[in-house]
Amino acid sequence: MIINDKEFGEVLVRRNALASGIRFSVSTSGRLQMSVPKRTSLLRAQLYLNANRGAIRERLPIKDPASQRARDAKKKILAKKAREYLPYRLEYFANLYGYQYNKVRLSHAGTRWGSCSSNRTISLNIGLMQVPEILRDYVIIHELAHLNHMDHSAAFWAEVASHDPHYKTHRTKLKQFSPGV
Ligand SMILES: [Zn+2]
């Protein structure tokens with residue numbers, strides 16, 4: 001689970017069967033993490049975070065506000081670029097290969113490049129604006145192919161390959177990048 005927090009950015013919340021209370025830590029990339037007992041709801045985690053802001057600020061080496069502001073500004077620029085590009089690129093490939101999707105959503109989750117839901121909504125991560133165009137196109141083709149195959153079956157990959165014969169290389173290269181901003 002992820003909490004999008006105004007002060008701390010994306011906070012990763014992990015349910016831990018062995019945890020008896022809530023604990024905070026910081027990941028190597030500087031992101032705040034919360035470990036919570038198994039049945040903790042997202043709302044409860046959020047309330048706990050709110051109630052402990054002062055303590056978190058004091059105890060954990062969170063990025064200073066200036067770099068947090070710089071990150072937010074970067075995210076804003078990226079979101080703008082993404083709005084002006086990704087929906088059109090998606091439309092382009094959908095028309096080219098004859099796919100029909102319902103709508104497109106732009107996301108900025110830290111974990112995935114894109115997704116396709118059963119109501120035919122395609123999500124694309126704004127972080128795609130930071131990767132080479134060929135890899136961005138691979139993600140778009142991947143999500144479009146999910147309109148016909150909601151799995152990663154052999155048939156799914158055959159469909160991806162029919163539009164992107166080098167998809168294996170692109171998939172591997174994409175792993176050098178992280179969707180987080
Ligand atoms: Zn997939």
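G9 counts as buried because 21 C-beta neighbours lie inside 10 Å. By the rule applied here, a residue is buried if 20 or more other C-beta atoms lie within 10 Å of its own, exposed if 12 or fewer, and partly exposed in between, with C-beta atoms placed from the backbone. The structure is a predicted model, in which local features need pLDDT of at least 70 and side-chain atom pairs count only at pLDDT 80 or more, while totals for chains, interfaces and linings use all residues. Residues are numbered from 1 along each chain as its sequence is written.

**Overall organisation**

The protein contains six helices and seven strands. Helices (H or I, at least four residues) and strands (E, at least two) are DSSP runs, numbered from the N terminus. Along the sequence, these elements follow the pattern β-β-β-β-α-α-α-β-β-β-α-α-α. The C-alpha trace spans about 55 × 35 × 30 Å along its principal axes. Of the 181 residues in the protein, 23% are buried.

The protein is divided into domain 1 (2-62) and domain 2 (78-174), with bounds that come from an automatic or database domain assignment. The C-alpha centres of domain 1 and domain 2 are 31 Å apart.

**The four-stranded sheet**

An open sheet of mixed pairing is formed by four strands in the order β1-β2-β4-β3. β1 (2-5) and β3 (23-26) stand at the edges with a single partner strand each, so one side of each is left without a neighbour in the sheet. On average, neighbouring strands of this sheet are turned by 25 degrees against each other, direction ignored. Such angles run from 0 to 180 degrees between N-to-C directions, and axes are lines fitted to C-alpha atoms, for helices over the stretch in contact.

Strand β2 (residues 9-16) pairs with β1 in the antiparallel sense over four bridges; two strands pair if DSSP finds at least two bridges between them. Within this pairing, D5 stands opposite G9 in β2. Helix α1 (residues 42-51) packs on the sheet, where it touches β1, β2 and β4 (32-37), and its direction makes about 40 degrees with that of β1. Two residues are in contact if their C-beta atoms, placed from the backbone, lie within 7 Å.

G9 itself touches R31, Q68 and R71, not counting residues up to four places away in sequence. G9 and L32 are 23 residues apart in sequence and 8.0 Å apart in space, C-alpha to C-alpha. Q33 lies in strand β4 and counts as partly exposed because it has 15 C-beta neighbours inside 10 Å. The C-alpha atoms of Q33 and V11 are separated by 5.5 Å, although the two residues are 22 apart along the chain. With its neighbours within four places in sequence left aside, Q33 is in contact with L12, R14, S25, V26 and S27.

**Pairings of β7**

The hairpin of β6 and β7 has four residues between the strands. R120 is placed in this loop, and its phi is near 65 degrees, a positive value in a residue other than glycine. R120 counts as partly exposed because it has 13 C-beta neighbours inside 10 Å.

**Nonpolar cores**

A nonpolar core is a set of buried Ala, Val, Leu, Ile, Met, Phe, Trp, Tyr and Cys residues joined through C-beta atoms within 7 Å. The largest such core has 21 residues, of which L124, L128, V139, I140 and I141 touch the most other members. At least two residues of this core are supplied by each of α3 (65-97), β7 (121-125) and α4 (133-145). The largest share, seven residues, comes from α4. L128 touches A82, L86, W113, R136 and V139, not counting residues up to four places away in sequence. A second, separate core has seven residues, including F8, V11, V13 and L32.
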